[in-house]
Amino acid sequence: MSSNLTPLQQGWKDNMMDNYGMPMLGLVSGKGSVVVDEEGKEYLDLLSGIAVNCLGHQHPAIVDAVTKQLHTLGHVSNFFVHPQEIKLAERLIDVFNSDQPSRMIFCNSGAEANEIAFKLARLTKKRRILAHEEGFHGRTMGALAMTGQPSKREPFAPMPGGVEFFPFNDIVALKELINKDADDVAAVIVEPIMGEAGVVVPDDGYLQKIRELTNECGALMIVDEVQTGMGRCGELLLSRAQGVQPDIITLAKGLAGGLPMGACIATNEAANYLTPGLHGTTFGGNPYACAAANAVLDTFEKDNILDNVRAMEKRFVQGIENFNSPLVKNIRGKGLLIGVELTAEVAPKAMALAREKGVIINAPRPSVIRIAPPLIITAEEVDKALAVLSDVFIQLSE
Ligand SMILES: *Cc1c(COP(=O)(O)O)cnc(C)c1O
């Protein structure tokens, strides 16, 4: 490959730090669920910027809202408040729907949202933060400290202290860990479905059991909905749809439909831990990101996007089941966050073959394919994607 770089890839190689490895493609435009590379080839985008572009590319609602906002008021800093910010905050707190008063803070990424949750946990004055092995919460030092993947953490030791890990979906292990010093547990953090670990779904009731244990020991329950939230799983918040009321939830990825934005919402006592001077970020809650997020919520309502998510989930799952491929071990996930577990470690190969045939998927694990398309994907596009994936699976099992 490296002898054969496109101009954008060569530019990458010459200028960019190598933290991501060589990009698969250089992309120059996109519309709806389709993106176009620098050679003019079109791809059906079943990754949507890693579960970010919930309304696809160039959605008129986002284009109009951001354009209008830039023509009205640009960046203002946090010395000032503006209408889009308050409108969005009211809506998100409404979505969170806690029975206690809630407050929120905007930021610019998922890692940053979890960084805020980490700081809130510190403000309890308790020391222990319990997180999941294989979990993923982002790359800044606090978020990384809670990320249960040693290969990502260890090069940056020493980490902020106090974080301990336990296996996902293992409520007995959590109970034992808590009981080592229950009075000193500040928080337990959990992803409703572990996205980066390969779309790993816990047993029904897992979040509820964490809620019961954290209530018993007086710890905060932090739910990282950065990937699962904002409609991705067919609900605005998966934890709330499951009847669980966390103390803190974090959002990002799809929140502003492709613009960089994160949020941390807290309820009850945790909503009041931050006082003037304790946290801030220059771009957090900026007018055009808020305008985009408001446009996302408007469009969800107006176009019944969550219904489409559930319908397209069924279509994908049935379609893949109908392959009857010996390569498919199981299909898991919720909504349009779908993981296809394979019987062999050929997910990277599947990703490359699909790309050649004009479909973008990714491989969060060597034996897992992730499908996370725009939430506006049409039945016709799903069928097109399924035809390609069927070919890919046949080719791989030969
Ligand atoms: C992507 C992700 C993050 C990190 O978000 P960034 O915007 O990349 O910092 C955190 N938590 C979860 C669950 C994620 O999927």
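Residues are numbered from 1 along each chain as its sequence is written, and side-chain values use heavy atoms, with hydrogens and water left out. Because the model is predicted, local features need pLDDT of at least 70 and side-chain atom pairs count only at pLDDT 80 or more, while totals for chains, interfaces and linings use all residues. Helices (H or I, at least four residues) and strands (E, at least two) are DSSP runs, numbered from the N terminus.

Helix α11 (residues 287–302) packs with helix α4 (residues 83–96). Two packed helices are described by the angle between their axes and the distance between the axes. Axes are lines fitted to C-alpha atoms, for helices over the stretch in contact, and angles run from 0 to 180 degrees between N-to-C directions. For α4 and α11 the angle is about 45 degrees, and the axes lie 8 Å apart. α4 is therefore oblique to α11. Angles under 35 degrees count as roughly parallel, over 145 as roughly antiparallel, 65 to 115 as roughly perpendicular and the rest as oblique. The crossing of α4 and α11 is left-handed. A crossing is left-handed if the near helix is turned anticlockwise from the far one by less than a right angle, and right-handed if clockwise.

Contact means heavy atoms within 4.5 Å. From α4, the contact draws on Gln84, Glu85, Lys87, Leu88, Arg91 and Leu92. From α11, it draws on Pro287, Cys290, Ala291, Ala293, Asn294, Leu297, Asp298 and Glu301. By class, the contact of α4 with α11 comprises seven nonpolar, two polar and five charged residues. Here Ala, Val, Leu, Ile, Met, Phe, Trp, Tyr, Cys and Pro count as nonpolar, Asp, Glu, Lys and Arg as charged, and the others, Gly among them, as polar.

Helix α3 (residues 60–70) also packs with α11. The angle is about 150 degrees, with the axes 8 Å apart. α3 and α11 are therefore roughly antiparallel to each other. Their crossing is right-handed. Ala61, Ile62, Ala65, Val66, Gln69 and Leu70 of α3 make the contact with Pro287, Tyr288, Ala291, Ala292, Ala295, Val296 and Thr299 of α11. The contact of α3 with α11 has 11 nonpolar residues, two polar and no charged.

Glycine 285 lies in the loop between β10 (262–267) and α11. This glycine is buried, at 4% relative accessibility. Buried means under 20% relative accessible area, exposed over 50%, partly exposed in between (1.4 Å probe, protein chains only). Not counting residues up to four places away in sequence, glycine 285 touches His82, Glu85, Phe106, Met261 and Cys290. Glycine 285 and histidine 82 are 203 residues apart in sequence, yet their C-alpha atoms are 9.1 Å apart. In the loop between α11 and α12, asparagine 304 has a positive phi of about 50 degrees although it is not a glycine. Asparagine 304 is partly exposed, with a relative accessible area of 46%.

The structure holds three aromatic pairs. Rings of Phe, Tyr and Trp (its six-membered ring) pair if their centres lie within 6.5 Å; planes under 30 degrees apart count as stacked, over 60 as edge-to-face and the rest as tilted. One of the pairs joins phenylalanine 168 and tyrosine 206, with ring centres 5.5 Å apart and planes at 65 degrees, so the pair is edge-to-face. Phenylalanine 168 lies in the loop between β6 (163–166) and α8 (171–179), and tyrosine 206 in helix α9 (residues 206–217), 38 residues apart. Phenylalanine 168 is buried at 13% relative accessibility, and tyrosine 206 is buried at 3%.

Another pair is formed by phenylalanine 323 and phenylalanine 393, whose centres are 5.6 Å apart and whose planes stand at 80 degrees, so the pair is edge-to-face. Phenylalanine 323 lies in the loop between α12 (305–322) and β11 (328–334) and phenylalanine 393 in helix α14 (residues 379–397), so the pair ties together parts 70 residues apart in sequence. Phenylalanine 393 is buried, with a relative accessible area of 3%.

Two further loops carry backbone features. The peptide bond from alanine 157 to proline 158 is cis, with omega near 0 degrees. Proline 158 lies in the loop between α7 (150–153) and β6. Valine 199, in the loop between β7 (185–190) and α9, has a positive phi of about 55 degrees although it is not a glycine. Valine 199 is buried at 0% relative accessibility.
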